[in-house]
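Good morning, and thank you for joining this group meeting. I ask that you look at the sequence and the structure together as I speak.

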Amino acid sequence: MLNVGIVGLPNSGKSTLFNALLKKQIADTTNYPFCTIEPNKGIVRVPDERLPVLASIVKTERIVPAVVEFIDIAGLIKGASKGEGLGNKFLAHIREVVLIIHMVRFFKDEGVIHTGGKIDPCADVETINSELILADLEALERQKEPRGRIEKEEELFFEAVRILKDKLNQGVLAKDVALMVDQRKAVKNLFLLTDKSVIYVANLGEEQLTEAEKKRKEFPFEPAVFISAKAEAGLDRLIEFAYKSLGLISFLTAGEKEVRAWTIKAGMSAREAAGVIHSDFKERFVKAEVISFEEFVKYNGWEKARLLGKIRIEGKDYLVQDGDVILFRKN
C-alpha cells in the first residue's frame, strides 16, 4: 500500500487536508472498505470509475479499490533537525513514508497565525527543505570511511556519500543529485529524507482558486497541485496525482466474489503482478488470461469474450498494462 506523509509548517493546512480527505472518503464509500488506523492516519481509496462498471457486469456488490494511507505528520518549525518543537517526531515519521505531500500555505486568514510572520510560500518551502537537508547531512556525517583498502561495494557507498554531502551543502535535495544507479542503490539504506518523492500542494483560500494559474507561475517548485484544502474540488485529483507520481498503475480482477484494483509498479511482469495477490500465485504461475477493461465492458464479461476469442493468454514475462482485467492460473 502506498503511504503518503502530509508535511508543512504549523497552520499550513495539513490537518484540514487530512480531515477533508477522510470526510470525503466516508461520504463516498457505501461499498468501500474504510479504516482509520490512528487519529493521524487514515486509509483513502484511489478514485477508479472502472470498478462499479465491472461490478455491475459480474454482478457483485463487493468492490475493493486501490488505497493510499495518508499520515498527518506533526508540524515542523525552524530547528527541527536539532529537535526543536516536535522535530524528532516529525523527522521519524517522514522516514516511514514513500511519498511526501508538502503543504504550502497560500491562503490568507488573520485568525490563523503564520509562524514566519507573513505569507511567503517560497520561503516556507525553503525552511522545510533546509531542515530536511540538515538532518540528512547529519546522517551522512556519521558515515566514517575506513582506512586502507575497501571492497567495491563500500567504495561505491562512500563515493555516493561524498557527492551527496557536497551537493546537500549547496542546497540540492538528495533526489535531485546526479548519482550512478549503483551509487544510489548503495546509499538506499540510509533512507535520506530529501531522497523521497515530493508533491507540493499549494493550499489556496477558496477565493484564490480563480487565480490558481497566476499563482502557479510565481511558484518555482514542481510537481505542484493547486487546491483549497477546505473545498472538495481537487481532492480526487490530488489522490490520483499521488498514486501516479510514483509510476503506479492498477490491474483489475473481476468475479462474483469481488471486483478489485491491485496496485503495481508500471513495467511489472505478469508473474510479479500475480505475486501481489499472493506469493503462491507467483511461485506456481502458469499463465494469465488478459483482456482490457474496454473490451471486457464491450463483450459484457468473461463468457462472451471467451466465446469470441477476445481473451489473450499471456506468459510470465507479459508486461501488465493499466486497466488490464486479469485471471491468473497456477499449477
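Let us begin with two helices, α4, which covers residues 121-141, and α5, which covers residues 152-169. In this predicted model, their axes come within 10 Å and cross at roughly 150°. How are α4 and α5 oriented relative to each other, roughly parallel or roughly antiparallel? An angle over 145 degrees counts as roughly antiparallel, and therefore α4 and α5 are described in that way. Their crossing is left-handed.

Which residues make this contact? From α4 come I133, D136, L137, L140 and E141, and from α5 come V161, L164, K165, L168 and N169. Sorted by class, the contact comprises six nonpolar residues, one polar residue and three charged residues.

Is N129 buried or exposed? Its relative accessibility is 8%, and a residue under 20% is classed as buried, so N129 counts as buried. Leaving aside residues up to four places away in sequence, N129 touches H102, L173 and Y200.

Finally, let us consider the protein chain as a whole. The chain contains twelve helices and twelve strands. Of its 331 residues, 50% are buried. The accessible surface comes to about 17400 Å², and carbon and sulfur atoms account for 50% of that surface. Among contacts between residues at least 6 apart in sequence, 66% join residues at least 24 apart.

Terms used. Residues are numbered from 1 along each chain as its sequence is written. This is a predicted model: local features need pLDDT of at least 70, side-chain atom pairs count only at pLDDT 80 or more; totals for chains, interfaces and linings use all residues. Side-chain values use heavy atoms; hydrogens and water are left out. Helices (H or I, at least four residues) and strands (E, at least two) are DSSP runs, numbered from the N terminus. Buried means under 20% relative accessible area, exposed over 50%, partly exposed in between (1.4 Å probe, protein chains only). Contact means heavy atoms within 4.5 Å. Accessible areas come from the Shrake-Rupley method with a 1.4 Å probe; for residues, only the protein chains shown count as cover. Axes are lines fitted to C-alpha atoms, for helices over the stretch in contact, and angles run from 0 to 180 degrees between N-to-C directions. Angles under 35 degrees count as roughly parallel, over 145 as roughly antiparallel, 65 to 115 as roughly perpendicular and the rest as oblique. A crossing is left-handed if the near helix is turned anticlockwise from the far one by less than a right angle, and right-handed if clockwise. Ala, Val, Leu, Ile, Met, Phe, Trp, Tyr, Cys and Pro count as nonpolar, Asp, Glu, Lys and Arg as charged, and the others, Gly among them, as polar.
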